[in-house]
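Hello,

Here is the structure I said I would pass on. My notes follow below it.

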Amino acid sequence: MRKKLVAGLLALAMTATVGITAIAATVHYNDSSVTGGSAAWQAWTANWENVATDYTQVSIAPGEDETEINFAWYSLKGEDEATPVVHFGTSEDEMKTFEGVAGDVDPSLTDQVQYEFNRVKVTGIRPGTTYYYTVEKNGEETEPEVFYARDVEETKILYVGDPQIGASKGQPQNGEELKADSGIANTAARNDGFAWNRTLETAFKQTPDINFVISAGDQVNKTGKPKEEEYAAYLFPKALKTVPVATTIGNHDSLNADYAYHFYNPNPTDNGLTEAGGDYYYSYGDGMFIVLNTNNYNVAEHAETIQEAVASDPSATWRVVTIHQDIYGSGLDHSDTDGMILRTQLTPVFDSYDIDVVLQGHDHTYSRTKMLYGDGQVHSGYEFRLNEDGSDYDWDHAYNVASGESIPLAPEEGDEAGAAALAAFQADNNCYTIENTTGNTVVDPQGILYMTANSASGSKYYELIGTQQDYVANRSQNWLPSYSIITMTDDTFQIDTYQILNDGTTEKIDDTFTIIKTK
């Protein structure tokens with residue numbers, strides 16, 4: 001995205017920060033050849049050809065509630081038909097067979113080799129039980145994997161942002177430049193896939209009883225282009241085979257059907273559709289989780305999804321929304337331009353449906369807001385549009401939905417009219433009220449907590465905006481991969497956030513924040 005790499009490259013005469021390689025200038029990304037440890041990194045690079053060319057990795061998504069999970073995977077199309085079958089049970093010797101559906105994958109995404117996608121729903125899962133499963137690929141059964149259906153009285157969620165496998169393209173590594181070419185030549189995906197796996201291994205080692213994972217979008221990097229080696233690296237980690245992962249459609253995921261082939265999301269709606277799919281929702285434990293594809297700027301459709309989700313589980317204690325765009329973030333330059341594009345429209349919708357927490361990505365920085373709610377005033381609505389050839393979004397302009405006015409987000413020097421339009425756009429987005437609370441534990445708040453996750457892989461980092469906004473309670477950018485652990489019960493919602501140091505150990509980057517409900 002325009003300016004973003006520039007913002008991520010500081011030409012400063014300083015020594016390398018932890019996890020960063022310095023060549024002439026300090027560059028902010030995770031260099032896996034440094035953080036990986038020699039033996040682990042060498043083993044990964046030796047196996048990269050196998051990883052990058054295996055498009056058949058299995059994904060597991062949540063089902064409609066904790067008694068279900070959804071499987072998806074590719075199989076080669078040939079003389080043998082696809083067999084969308086999962087064998088699932090409490091013993092490797094006694095598994096029940098679940099059958100699903102299959103369909104053709106667009107061969108332009110897979111080097112003109114024809115694959116089929118498989119989708120299977122598994123039901124009857126009992127929380128607190130360890131299961132085993134296999135899937136069939138053209139009739140051939142895979143080796144058994146373990147799946148952990150954790151207890152839900154205290155649900156633990158791993159919340160991550162922007163793995164964006166392949167986003168380290170152009171960065172230096174061992175005297176060369178990381179490439180985003182196709183297949184095994186995508187050395188940026190090789191770098192970021194290792195870091196993504198390292199983060200998952202670290203998080204699961206620290207918190208082994210994770211129930212499921214929430215990814216706030218941009219699983220991969222190539223926008224509107226074939227990128228199966230990036231999905232292969234994203235789906236490779238062993239941890240993702242053991243629990244469900246609720247993925248969000250990011251802008252880098254949104255313009256191809258490959259996301260929809262790889263992930264079988266529960267309760268899919270026809271709202272918020274792009275090529276990758278649309279909004280969906282699921283219940284888990286004491287929470288109702290709503291995932292919106294905010295790359296589609298039709299907020300009325302997103303409101304319909306929230307209404308449908310809430311009606312499906314009205315007694316859920318917690319209502320949690322995940323979006324990719326950080327409408328309340330603190331990164332440069334998302335937070336005051338394209339990140340907040342839907343702020344004026346989504347804020348009152350979230351308020352009206354009593355949303356408790358909004359989990360965001362996109363910003364490649366960490367931030368936690370104060371408790372926020374709308375100001376009750378009338379504001380304009382804004383959106384992004386695709387560029388002329390439809391290959392990406394026009395990141396240089398926001399558009400007023402009603403008037404069609406084009407607002408330059410980086411006006412040229414001397415463009416007084418453009419600068420005035422941008423200033424008016426930013427002023428109009430001061431559409432929030434900060435709730436008067438103190439400390440890191442709030443009880444029965446009126447407002448909503450907005451979290452923004454930094455990159456979990458460290459494939460790309462952004463600067464923090466120069467002045468911390470008044471709505472931000474805490475923020476961080478230490479150029480290190482980070483993640484959050486959410487602990488949810490019937491009356492508490494707690495968030496702890498950690499960064500991973502160069503030696504693989506972790507440290508907290510924010511105080512524990514807790515919401516308590518007594519009502």
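How does the radius of gyration of the protein, with its 519 residues, stand against that of a compact globule? The model is a predicted one. A compact globule with 519 residues would have a radius of gyration near 24 Å, and the protein has 22 Å, so the two agree. Along the principal axes, the C-alpha atoms fill a box of roughly 65 × 60 × 45 Å.

Other overall values are as follows. Of the 519 residues, 60% are buried. Among contacts with a separation of 6 or more, 70% are between residues 24 or more positions apart. The protein has an accessible surface of about 19100 Å², and carbon and sulfur atoms account for 46% of that. There are 31 positive and 79 negative charges, and their mean positions lie 4 Å apart.

The secondary structure consists of nine helices and 34 strands. I looked at one of the strands, E5, which covers residues 69–76. Seven of its eight residues are buried, so E5 is largely enclosed by the rest of the structure.

Strand E4 (residues 59–62) runs antiparallel to E5, with four bridges between them. A hairpin of six residues connects E4 to E5, and Ser59 is found opposite Ala72 of E5. Strand E9 (residues 115–122) is also antiparallel to E5 and is joined to it by eight bridges.

Regards

Key: Residues are numbered from 1 along each chain as its sequence is written. This is a predicted model: local features need pLDDT of at least 70, side-chain atom pairs count only at pLDDT 80 or more; totals for chains, interfaces and linings use all residues. Side-chain values use heavy atoms; hydrogens and water are left out. Buried means under 20% relative accessible area, exposed over 50%, partly exposed in between (1.4 Å probe, protein chains only). Helices (H or I, at least four residues) and strands (E, at least two) are DSSP runs, numbered from the N terminus. Two strands pair if DSSP finds at least two bridges between them. The radius of gyration is taken over C-alpha atoms; the globule rule is 2.2 Å times the number of residues to the power 0.38. Contact means heavy atoms within 4.5 Å. Accessible areas come from the Shrake-Rupley method with a 1.4 Å probe; for residues, only the protein chains shown count as cover. Lys and Arg count as positive and Asp and Glu as negative; His and the chain ends are not counted. The place of a charge is taken as NZ of Lys, CZ of Arg, CG of Asp or CD of Glu.
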